[in-house]
Amino acid sequence: MQGTVDGFSYGAVTPLVAYLMACLGGALGLRCTTRSLLVTHSWRPAWLALGSAAIGSGIWTMHFVAMMGFTIADTPIHYDKPITYASLGLAIVMVGVGVFIVGYRGATGIPLFTGGTITGLGVASMHYLGMAGVRFHGRFTYNTLTVAVSVVIAVVAATAALWAAGQVRGFLWSVGASLVMGLAVSGMHYTGMAALGVHLDGAAHGGGSGPEASVLAPMLIGPLAFLLLAGVLVIFDPLVIMGRPQRTPVEHKPGVPAAAVAAHTDRRPALHEGRQPARRPEDHRSRTPQNR
């Protein structure tokens, strides 16, 4: 029996909130990736790990916020918790591999392609493993071509976001990268849902409904709390916001002669104890009468 699916039972509310969650996770994760490029190698793994966890949590939160609006007619929906939490771990690990590659090898060439591909595959894997944890009286089928398109969307957009994060061009640049990352996750999700077909087992099993809030809320509390803490850490770190290291002092700038710096600092006249400017010898000569 063919089932009827509604992915927007709450209208535009769930897609919009889900997109914002994906952008939040992407923004935090990409800023942490940018921050890792401004510190010593001893601190870089910590920032990259924090960025990976932020992006993975944002992806996972986005998915299940969007699933709140997903219903199947004539059957209730439940979740297999071990598989659901495994999808969170898979997202963090695969995104982490891609982020670490870009963080250590740079956001260009083969490292960027490799890191973006693994990150995009992590987004797609999280989605389809999360869908494997959905329980109802029936089974899912997928259109192979549409699934392939969803994976390509995730890979291309994730690669673009990592490239933008690696440029270290300031806060606004990273905001744009996070919007692209949110587009990657949301676009991949809803393209993957468009590939979905539902087959019910036998007759109707009661009224259809989406997952209950009491089921999803406990699963969302942890990732949301982590995103909040990561956000606080990012906000109170100036280098994460500015996206560039502090300016080098003038006297240490390469290519600037020390004599030029000293001449610049000596332009102001010296002051005596009486706070009056000291007169230079040429000043006395300029006051000598010209007719003598």
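This is a predicted model: local features need pLDDT of at least 70, side-chain atom pairs count only at pLDDT 80 or more; totals for chains, interfaces and linings use all residues.

Student: Okay, so is Leu121 buried, exposed or partly exposed?

Tutor: Its relative accessible area is 35%, so Leu121 is partly exposed.

Student: And where does Leu121 sit?

Tutor: You'll find Leu121 in helix H4.

Student: Which residues does Leu121 touch, leaving out those up to four places away in sequence?

Tutor: Leu121 touches Met94, Val151 and Val155. Take Val151: in sequence, 30 residues separate it from Leu121, yet the C-alpha atoms of the two are 6.7 Å apart.

Student: Switching to helices, how do H3 and H4 cross?

Tutor: H3 covers residues 81-105 and H4 covers residues 109-132. Their axes come within 8 Å and cross at roughly 175°. An angle over 145 degrees counts as roughly antiparallel, so that is what H3 is to H4.

Student: What classes of residue make up that contact of H3 with H4?

Tutor: There are 17 nonpolar, eight polar and one charged residues in it.

Student: New topic: where is confidence highest and lowest?

Tutor: Helix H4 is highest, with a mean pLDDT of 92, while helix H9 (residues 258-265) is lowest, at 44. For residues 245-275 the pLDDT is below 50, and that stretch has 17 contacts in the model beyond near neighbours in sequence.

Student: What about the protein's average?

Tutor: The average pLDDT is 77, and 73% of the residues score at least 70.

Key. Residues are numbered from 1 along each chain as its sequence is written. Side-chain values use heavy atoms; hydrogens and water are left out. Axes are lines fitted to C-alpha atoms, for helices over the stretch in contact, and angles run from 0 to 180 degrees between N-to-C directions. Helices (H or I, at least four residues) and strands (E, at least two) are DSSP runs, numbered from the N terminus. Angles under 35 degrees count as roughly parallel, over 145 as roughly antiparallel, 65 to 115 as roughly perpendicular and the rest as oblique. Ala, Val, Leu, Ile, Met, Phe, Trp, Tyr, Cys and Pro count as nonpolar, Asp, Glu, Lys and Arg as charged, and the others, Gly among them, as polar. pLDDT is the predictor's confidence in each residue, from 0 to 100. Contact means heavy atoms within 4.5 Å. Buried means under 20% relative accessible area, exposed over 50%, partly exposed in between (1.4 Å probe, protein chains only).
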